[in-house]
Amino acid sequence: LLAAERWFREGRELKPDEEPAKRLKKAASAATSAAASAAAAEGEMSPADADRASEASEVRLYGLWQTIAYVPPTAQGGMVPRSSHGHVEMWTDAHLPYGTARLREPHVMQVARQLGIDCAPAMVGFDIRDGRPVPRFDGVVVCEEFAALLVEAASARQEQAEDSEAHKRRAQVLDLWRRTLLALAACAAGCKKSTAGTGSTS
């Protein structure tokens, strides 16, 4: 038995109107549920809101027989379907929306934004940082009709960045040599002056 979210991560979703096969109470949320019920009784909270608060205090578990294979949404009008958080949850390959492609090339997102092409980060899991889950992203999802163009543009952007970095390194090396030669010239001039002064004294 798994929660609906866990089934979603496995590439499955609940059948319509399925009731949980098992309910587990969250001990830490029992007080919250009781407070919600009391608030509803006093008219301070609607029955619907009270029910939602009570549901939040329990874990609803479902069996495999209560699920079907997840069917991802389809991209339309050049727009990538995404979650309410603005990304595409890529738990499995089956989660990739129809009509889209996942790209991992560097600079794809920057290039897409410059060209006005819709794209969404691909979330592939969570990392734990300071005891909290933090989304982990790998690549971006774009409509498949723009994929080839974005790969080519991102490649050109990468070459430009590498050329710029190489030019910057060459400039740094030349500047270092220039300063070294100036230092050597100054040292040579100082040594020559010192030698000349010693010769005139003798």
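This is a predicted model: local features need pLDDT of at least 70, side-chain atom pairs count only at pLDDT 80 or more; totals for chains, interfaces and linings use all residues.

Biologist: In what order do the strands of the open sheet come?

Modeller: Strands count as paired when at least two bridges are found between them. In this case 4 strands form an open sheet in the order β6-β8-β9-β7, and the pairing is mixed.

Biologist: Which strands stand at the edges?

Modeller: Those are β6 (88–89) and β7. Each has a single partner strand, so one side of each is left without a neighbour in the sheet.

Biologist: How do β7 and β9 run, and how many bridges join them?

Modeller: They run antiparallel, joined by 4 bridges. To find the place by residue, look at Arg102, which stands opposite Val141 in β9.

Biologist: Now the core. Which residues of the largest nonpolar core touch the most other members?

Modeller: A core of this kind is a set of buried nonpolar residues joined through side-chain atoms. The largest one has 13 residues, and Leu103, Val140, Val142 and Leu150 touch the most other members. Two or more residues each come from β7 (100–103), α4 (108–115), β9 (132–143) and α5 (144–201). The most come from α4, which gives 4.

Biologist: What does Val142 touch, leaving out residues up to four places away in sequence?

Modeller: Its contacts include Val80, Leu103, Cys119, Ala147 and Leu150.

Note on methods: Residues are numbered from 1 along each chain as its sequence is written. Side-chain values use heavy atoms; hydrogens and water are left out. A nonpolar core is a set of buried Ala, Val, Leu, Ile, Met, Phe, Trp, Tyr and Cys residues joined through side-chain atoms within 4.5 Å. Buried means under 20% relative accessible area, exposed over 50%, partly exposed in between (1.4 Å probe, protein chains only). Contact means heavy atoms within 4.5 Å.
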